[in-house]
Amino acid sequence: LEYSGIEFIDPQKRSQQHRATRLLWDSLNQSGLGRMTIGRITVFLYFDAINGAVALEEQFASYGDWTVDRYHVSKNDLECVRLLSPECEFTLDAFLELTDIMLIEADRHNGTFDGFEVAAENTRKRKRWFSIWYGK
C-alpha cells in the first residue's frame with residue numbers, strides 16, 4: 001500500500017525507519033507483545049518551528065480518536081508532538097504503514113519523525129476464535 005506523499009520521502013531515510021520499526025517489532029515479539037496484542041502506539045515528531053507542530057497537533061486532534069500532546073524541549077529548542085494512536089491490533093504491517101504515514105506527515109509539516117514507543121502495561125491479548133468454545 002502506497003500513501004500519497006511517500007514519493008517525496010528520501011528512500012534511504014524510509015529504509016532506515018523501516019529497519020528501526022522492524023527492530024521494534026522483533027523486540028515486541030521477544031517480549032510477548034507481537035501478534036494478537038491490542039494496544040496504543042506512541043509516536044514522537046520534532047519540529048524546529050512551532051507552526052508545524054501546531055498544525056500537526058490540530059490535524060490529529062481533529063480525528064477525535066488520537067490523543068495529542070505538544071511540549072517544548074528546551075535542551076534542543078525543539079517542539080515535540082507526541083501522538084497516542086487509537087487502540088489497534090499490533091502487526092508488522094500496521095507498524096510499517098504507520099511509519100510511512102508519520103514520515104509523510106513529518107515531511108508535510110517540516111518536522112522529523114523520531115519513532116514509536118509501546119507501553120506494555122497498557123496492552124492486552126486478543127482472544128483466539130476457538131477460545132469461545134474451548135476457553136483458551
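User: Which residue is the bridge partner of V68 in β4?
Analyst: The bridge partner of V68 there is L83. Please keep in mind that this is a predicted model, in which local features need pLDDT of at least 70 and side-chain atom pairs count only at pLDDT 80 or more, while totals for chains, interfaces and linings use all residues. Residues are numbered from 1 along each chain as its sequence is written, and side-chain values use heavy atoms, with hydrogens and water left out.

User: Ok, and what do you mean by a strand, or by strands that pair?
Analyst: Strands (E, at least two residues) and helices (H or I, at least four residues) are DSSP runs, numbered from the N terminus, and two strands pair if DSSP finds at least two bridges between them. In general, strands of a sheet pair through backbone hydrogen bonds, either parallel or antiparallel.

User: How many bridges are there between β3 and β4?
Analyst: There are seven, and β3 pairs with β4 (residues 78–84) in the antiparallel sense. Another opposite pair is T67 with L84, the latter in β4. The two strands form a hairpin with four residues between them, and D77 in the turn has a positive phi of about 55 degrees.

User: Which sheet do they belong to, and what's its order?
Analyst: They belong to an open sheet of four strands, with antiparallel pairing and the order β3-β4-β2-β6. Since β3 (67–73) and β6 (111–118) stand at the edges and have a single partner strand each, one side of each is left without a neighbour in the sheet. Neighbouring strands here are turned against each other by 20 degrees on average, direction ignored.

User: Which helices lie across those strands?
Analyst: Helix α2 (residues 50–61) lies across β2 (41–47), β3 and β4, and runs at about 165 degrees to β3. Helix α3 lies across β2, β4 and β6, running at about 150 degrees to β6. For these angles, axes are lines fitted to C-alpha atoms, for helices over the stretch in contact, and angles run from 0 to 180 degrees between N-to-C directions.

User: What about W66, is it buried or exposed?
Analyst: W66, which lies in the loop between α2 and β3, is buried, because its relative accessible area is 16%. Buried means under 20% relative accessible area, exposed means over 50%, and partly exposed is in between, with a 1.4 Å probe and protein chains only. Not counting residues up to four places away in sequence, W66 touches V43, F60, L83, L84, S85, P86, L98 and M102, where contact means heavy atoms within 4.5 Å.

User: Switching topic: how do α1 and α3 pack?
Analyst: Helix α1 (residues 11–30) and helix α3 (residues 92–108) pack at an angle of about 145 degrees, and their axes are 10 Å apart. The contact includes Q17, H18, L24 and W25 of α1, and F95, L96 and D100 of α3. Its residues divide into seven nonpolar, four polar and four charged; Ala, Val, Leu, Ile, Met, Phe, Trp, Tyr, Cys and Pro count as nonpolar, Asp, Glu, Lys and Arg as charged, and the others, Gly among them, as polar.

User: And D100, what does it touch?
Analyst: Leaving aside neighbours within four places in sequence, D100 is in contact with Y3, I6, R14 and H18. D100 is buried, because its relative accessible area is 5%.

User: How many disulfides does the structure hold?
Analyst: It holds zero disulfides, a disulfide being a pair of cysteine sulfur atoms within 2.5 Å. The sulfur of C88 is 19 Å from the closest cysteine sulfur, in C80, which is too far for a bond. C80 counts as buried at 0% relative accessibility, whereas C88 is partly exposed, with a relative accessible area of 23%.

User: Last one: what is the order of the sheet with three strands?
Analyst: That open sheet has the order β5-β1-β7, with antiparallel pairing. β5 (88–89) and β7 (124–125) stand at its edges, each with a single partner strand, so one side of each is left without a neighbour in the sheet. β1 (residues 37–39) and β7 are joined by two bridges, and the bridge partner of T37 in β7 is K125. E89, in strand β5, is partly exposed with a relative accessible area of 30%.
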